[in-house]
Structures are given as C-alpha cells and as structure tokens.
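Colleague: Before I use this model, I would like to know how its terms were applied. Please take me through them.

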Amino acid sequence: MTYDPIVSHGVSASLPSPPSYWHATHKPTALPSLNKSVISDYLVIGGGYTGLSAAITLAQAKQQVALLDANSLGFGCAGRNGGFVLSGSGRLSLSAIEDKWGHTVATGMQTEFDGAVDLLKKRITDFDMQVDLVQGPYLKLAHNVKQAEQLCASANHLASNFNVPSTTLTPKDLTARFGIEGAYGGVELEGACLHPLKLASEYARVAKELGATLFYDSPAIHIEKQKTGFLVTTPSGSVSAKHILIATNAYTPKRFHDSVDNKQFPVQSSIFVTAPLNNEQRALTGLTAPMSFMDTRMMKYYYRVLPDGRLLFGGRGAVKGKDAESVKEKQRLYNAMVKSFPSLSGITMDYFWSGWVSVSLDSMPRIFVDNKSGENNALRSSTIGYAMGYCGSGVSFAAFAGQRLAQRMMGTGNVDLSLPLYQSPLKTYPFPKARRLALHGLYQWAKIAER
Ligand SMILES: Cc1cc2nc3c(=O)[nH]c(=O)nc-3n(C[C@H](O)[C@H](O)[C@H](O)COP(=O)(O)OP(=O)(O)OC[C@H]3O[C@@H](n4cnc5c(N)ncnc54)[C@H](O)[C@@H]3O)c2cc1C
C-alpha cells in the first residue's frame, strides 16, 4: 500500500517501510511511540532530516524538545533518497536566483547552500557519524546540443561570479571515461554521496544523546491552538507545547494546519538499484568508483555508483501513488538507464521504490515562522513555523533548514531574513485539485519535447 499525500488521510503507523536498498542494508534505530500526555516547550512534528536537525539545534541550546513522527525512522524521504550531497535546494540555479533578485541575494543564497554541506560534514566529524560518506566526481550531462552550450556557459559564469570550480567534458570524454552514449557534453564538479538511512539513524542518536525526546509511530492528528500554546493529539497520547515546528515536508497530511495546507505539491520520484556490475560491465561503462550523475532534462535522471558496485538510477515517478510500483513505471525508468548505458541491458533490477518530494509553487523552499505581530519570536508565548518545499534537493539542505527554523523560533543565529528563503511564506497553490492533471500534462509534453 503506497501513501499518497493527496488521497490518503495522513501517514499512519501501520504503513510498511519502503522496500529500499537502504532499508535492506541498514536497520534503522527503533524508537518508542507516544502513549501518554507530555508537556514540552518545543514540539517538532516530523522526524526526517529537517525535524531531527531542528531537535538537535534546540537540544544543543538546552531547550526542552519533543519530536513526533507518524511512522518509523526513515519512512519519509530520509529512507528513500539517492544520497547525493549537493550544494543547493529548490529548483532555481544560482544564475536564475541572480537574474531574479540580483547578485547580492544570489551570493547570500550560495552561503546558505554551501553552509548546509559544511554543517553536514561538520556534524559527521563532530558526532562521529557512520554514514558511508564517499567523495567522488559529480557530473552534469547535457541531453541535447543547446543544453551542452548552456551547461558550459553556466559553468563559466559560476566559476567567475561564484567561485564554483568545474571541468567541462566533451561527448568523446564521456564515452571514453564512462562509456556513456548519447550525452552531448558535460561538466564535472566535486561531489559526495552517503547512505541516507544511516544518516537518519545518526541524527536520531545525536538528538537523543543531547536530550531531545523522540516518539515514532505516533502521527500528529490534530493541532489545536490554546491560550498559551498548542495541544497536539496522536492516536494514543498528546503533547502540550508552547512552540511547534512543522517538518513533515511532502508527507504533510492534506488538511493539517492553515500555515501549510495547499502550500506544497507532493511529486513522486522513483529509484531502482541494479545487481552489482560484473567486471565486464564495469570495464564497458567505466563505472568503477564512487561517482554521481544528473542530466539536464526537465524531468531529470540521476544515478550513482554504490560502494558495492551496484548502479542506483532515479527519475520522475508516477503521477499517482497507486501507480508507483507498476510494471510500466519500472520499465520506463529501466529503459532510460539502458539508453545511457547500452552495455547494461539485461542487468537485474534488485530494488525499486518511490518517494514524495515537496515542490513549492515558485521553486523556492521556505523556512518560515508565522509572526504577524513582529515581536521577537523568543519572547512570544507561542509560535508555529515550518521548513519545506526543497523540490527534491534536501540531503544536506533539509538539516540546515531544520537548524535555521529552530534558530528563528529561538531568535538566535545570524539569519539574513532578507533572503527569499525566509522573507515570505510558501505561496498557496491555486486550484489544488487540478495539480495532478497539470503534472500529467507536463510529463506528456516533456516526453515529446525531450525525445
Ligand atoms: C526518491 C527520492 C530521491 C531523492 N534524492 C535526493 C538526493 O539524492 N539528494 C538530495 O539532496 N535530496 C534528495 N531527495 C530529497 C530529500 O530526500 C528530501 O528533501 C529530504 O529528505 C527532506 O527531509 P525532511 O525531513 O524534510 O522530510 P522527510 O524525510 O520526508 O520527513 C518527513 C517526515 O514527516 C513525517 N510525518 C508526516 N506526517 C506526519 C504527522 N501527521 N505527524 C508526525 N509525523 C509526520 C513522515 O513520517 C516523515 O518521516 C530525494 C527524495 C526522493 C523522494
């Protein structure tokens, strides 16, 4: 049974964990559920990277914090993503941000994006997190001549205006080094990948060690505003809290709280993992070491070589949750892999799973605290805030957003509130019911345009 945020009532504790390669290679930490009434200054709802990182930040500041998640650790994106550590989030490149808001804002956003990668690496070191982090090249591949030119121009612009080093690659380089057929050029950047579910387990370990109280299999089903805070109920308990941090991202129930209802669009992304490549396949493809790839299509394909020599390949998923696992969807993704790596035709698909990414209307994530009165958040008797809308790019950024959200709630941290991430709430989607129809149309159009 697949959870569908637009159709289902909400994540329940009885839903099974995803059949991901990550779950097959790591048993996530088991955590207790809530079966009593508790009181806490801060309550985080959602225990993926955003929520756990917010809990860590609050606990580090010696605040009393409880966290509720509806299912087990890694039920959401944290147990389903590709594990690519990228600088950036949302769907706007630094150049697009610069065009829209100017160079100063784009530089400020780059500081936040790079800060997210730095925060991840610092925590891995400081807390000795075992997450299978591997460094290796990250390649952006052009799927047509126009994109190859744009990729090259953009790489030059990023190098001169934002100090981002990269190497351009010709189609011949790509075939010679990686056996990749059909790409029109590429750009090589520094990259890193990790085991996403181990990262979630490590964040949970650290949050607990710092004093946060974590409850899983405990969905928040009702948020009620009270005189001096909020009462949040779960099927077998409740939490009274002064401040609430919503960190449910694409898994947010369809009617949850005014601040987040209809503010993001859950879109499916699917991944499969092949059998380990044999020596001949490795030699023919050049996929011999940790490296990751992304193409320039509107519906991007992304792939990486896993430490045990398997290929992880991902792309857009089905429009509806009920079609996520269909043979047609699996075959579509498999065919895309074979088109890039003809020598892998026939290789077994050992794992296949899907997950929901949270797409914001203007492609910009938000870390927002509702504060119409303009008072200092730390002095207010109750506040509610959220961080979401990462558009499928959150392995490093979601945890950074969780940290920023906690800082905004506490009134600490040096947050540049003029940046578009913080300045305004997520925009409301018009015609929420028509979103799926529009997405279906977009996929059909992309299929023809990007043939
Ligand atoms: C297939 C796929 C591949 C991806 N690959 C990459 C990648 O390679 N690199 C990258 O940077 N990003 C990637 N992403 C995106 C990235 O994984 C996410 O942006 C990030 O994990 C979001 O973290 P989060 O904590 O906000 O959300 P999640 O990890 O989704 O956590 C949300 C949590 O909220 C809980 N929840 C929902 N409702 C309730 C409720 N009522 N009460 C309590 N809890 C509730 C859910 O159970 C869930 O655990 C990918 C995403 C997908 C789906």
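Modeller: Helices are DSSP runs of H or I with at least four residues, and they are numbered from the N terminus. Just after H10, Gly 411 takes a positive phi of about 75°. This is a predicted model: local features need pLDDT of at least 70, side-chain atom pairs count only at pLDDT 80 or more, and totals for chains, interfaces and linings use all residues. Residues are numbered from 1 along each chain as its sequence is written, and side-chain values use heavy atoms, with hydrogens and water left out.

Colleague: How do you know that the span of helix H10 agrees with its 14 residues?

Modeller: The expected span is 1.5 Å times one less than the number of residues. For residues 397-410 that should give 20 Å, and the end C-alpha atoms are 20 Å apart, so the two agree.

Colleague: What makes H10 mostly covered?

Modeller: Buried means under 20% relative accessible area, with a 1.4 Å probe and protein chains only. In H10, 14 of 14 residues are buried.

Colleague: How do you know which residues belong to domain 1 and which to domain 2?

Modeller: Domain bounds come from an automatic or database domain assignment. That assignment gives 1-133 + 194-263 + 359-451 as domain 1 and 149-190 + 276-347 as domain 2.

Colleague: What makes residues of the two domains count as in contact?

Modeller: Contact means heavy atoms within 4.5 Å. On that basis, 25 residues of domain 1 are in contact with 25 residues of domain 2.

Terms used: Helix = DSSP H or I, 4+ residues; strand = E, 2+ residues; numbered from the N terminus. Buried < 20%, exposed > 50% of the residue type's maximum accessible area, 1.4 Å probe, protein only.
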